[in-house]
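Thanks for coming, everyone. Let me put the chain on the screen, and then we will walk through it.

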Amino acid sequence: MYKIGELAKLSGLTVEALRFYERKGLLSPAARGANQYRMYSEQDLARLGFIQRAKQAGLSIKDILELLTLREHAETSSCGDVSSVVAHKLHKVQEQLLQLQAFEATLKKLHDECCGGEESATSCSILKALDDVIE
């Protein structure tokens with residue numbers, strides 16, 4: 001069993017992060033020992049590893065909670081249930097990438113059309129393009 005500080009050190013997280021995870025339901029509230037210290041198990045440490053890897057994959061707290069629930073009920077959950085959580089996140093990321101590519105194209109066009117010189121910005125093509133009203 002680990003005290004919260006020990007678990008933080010072993011997991012590479014801060015005590016504040018562990019408390020945040022508890023508040024969000026990602027980590028079950030710790031049992032308290034006779035000394036009233038929060039005590040955590042090896043299972044809690046393994047769960048934190050799962051959470052950290054899921055975060056590194058870009059999953060939200062909501063996604064991670066859903067995956068943890070599916071993991072805890074693996075015998076009654078399907079691989080498809082798990083896959084759908086990841087597929088949903090993947091779809092959102094792909095949409096964001098398309099939007100970012102559109103932003104990139106617009107910014108590149110604005111940048112490429114600007115002389116970038118030392119003259120007054122009164123005739124700057126970027127400012128003019130952003131001032132233009134599309135009719």
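Of the 135 residues in this chain, 25% count as buried. Buried means under 20% relative accessible area, exposed means over 50%, and partly exposed lies in between, with a 1.4 Å probe and protein chains only. Before I go on, two notes on the source. This is a predicted model, in which local features need pLDDT of at least 70 and side-chain atom pairs count only at pLDDT 80 or more, while totals for chains, interfaces and linings use all residues. Residues are numbered from 1 along each chain as its sequence is written, and side-chain values use heavy atoms, with hydrogens and water left out.

Now the overall form. The radius of gyration of the chain is 24 Å, whereas a compact globule of 135 residues would have one near 14 Å. That radius is taken over C-alpha atoms, and the globule rule is 2.2 Å times the number of residues to the power 0.38. Along its principal axes, the C-alpha trace spans about 75 × 35 × 25 Å. The chain exposes about 9,900 Å², and carbon and sulfur atoms supply 57% of that area. Accessible areas come from the Shrake-Rupley method with a 1.4 Å probe; for residues, only the protein chains shown count as cover.

Next, the elements. There are six helices and three strands. Both are DSSP runs numbered from the N terminus: helices are H or I with at least four residues, strands are E with at least two. From the N terminus on, the order is β-α-α-β-β-α-α-α-α.

What about contacts? Contact means heavy atoms within 4.5 Å. Of the contacts in the chain with a separation of 6 or more, 41% are between residues 24 or more positions apart.

On to the core. A nonpolar core is a set of buried Ala, Val, Leu, Ile, Met, Phe, Trp, Tyr and Cys residues joined through side-chain atoms within 4.5 Å. Which residues touch the most other members of the largest nonpolar core? They are Leu18, Tyr21, Leu48, Ile51 and Ile64, out of 21 residues. Helix 1 (4-11), helix 2, helix 3 and helix 4 each give two or more residues to this core. Helix 4 supplies the largest share, four residues. Take Ile64. Not counting residues up to four places away in sequence, Ile64 touches Leu26, Ile51, Ala54, Lys55 and Leu59.

Stay in helix 4 for Asp63. Asp63 is buried, at 10% relative accessible area. With residues up to four places away set aside, Asp63 touches Val85 and Lys89.

Now the charges. Side chains of opposite charge can pair when their charged atoms come close. A salt bridge here is a side-chain nitrogen of Lys or Arg within 4 Å of a carboxyl oxygen of Asp or Glu. How many does the structure hold? Four. I will show you three of them.

Start with Arg38 and Glu22. Their closest N and O atoms are 3.7 Å apart. This pair links distant parts of the chain, with Arg38 in strand 3 (residues 38-40) and Glu22 in helix 2 (residues 15-24), 16 residues apart. Glu22 is buried, at 14% relative accessible area.

Next, Glu72 and Arg47. Here the closest N and O atoms of the salt bridge are 2.5 Å apart. Again the pair links distant parts of the chain: Glu72 sits in helix 4 (residues 61-72) and Arg47 in helix 3 (residues 42-56), 25 residues apart. Is Arg47 buried or exposed? Arg47 is buried, at 12%, while Glu72 is partly exposed, at 42%.

Then Lys108 and Asp112, a salt bridge with its closest N and O atoms 2.8 Å apart. Why are these two about one helical turn apart? Because they are four residues apart in helix 5 (residues 79-113). Lys108 is exposed, at 51%, and Asp112 is partly exposed, at 47%.

Helix 5 also holds Leu107. Leu107 is exposed, at 56% relative accessible area. Together with Val93, Leu97, Leu100 and Phe103, Leu107 makes a nonpolar surface patch of about 470 Å². Patches are made of residues with over 30% relative accessible area and no salt bridge; like charges are joined within 9 Å, and nonpolar side chains (Val, Leu, Ile, Met, Phe, Trp, Tyr) within 5 Å.

Last stop, Arg32, in strand 2 (residues 31-32). Leaving aside neighbours within four places in sequence, Arg32 is in contact with Tyr37 and Arg38. Arg38 takes us back to the salt bridge with Glu22.
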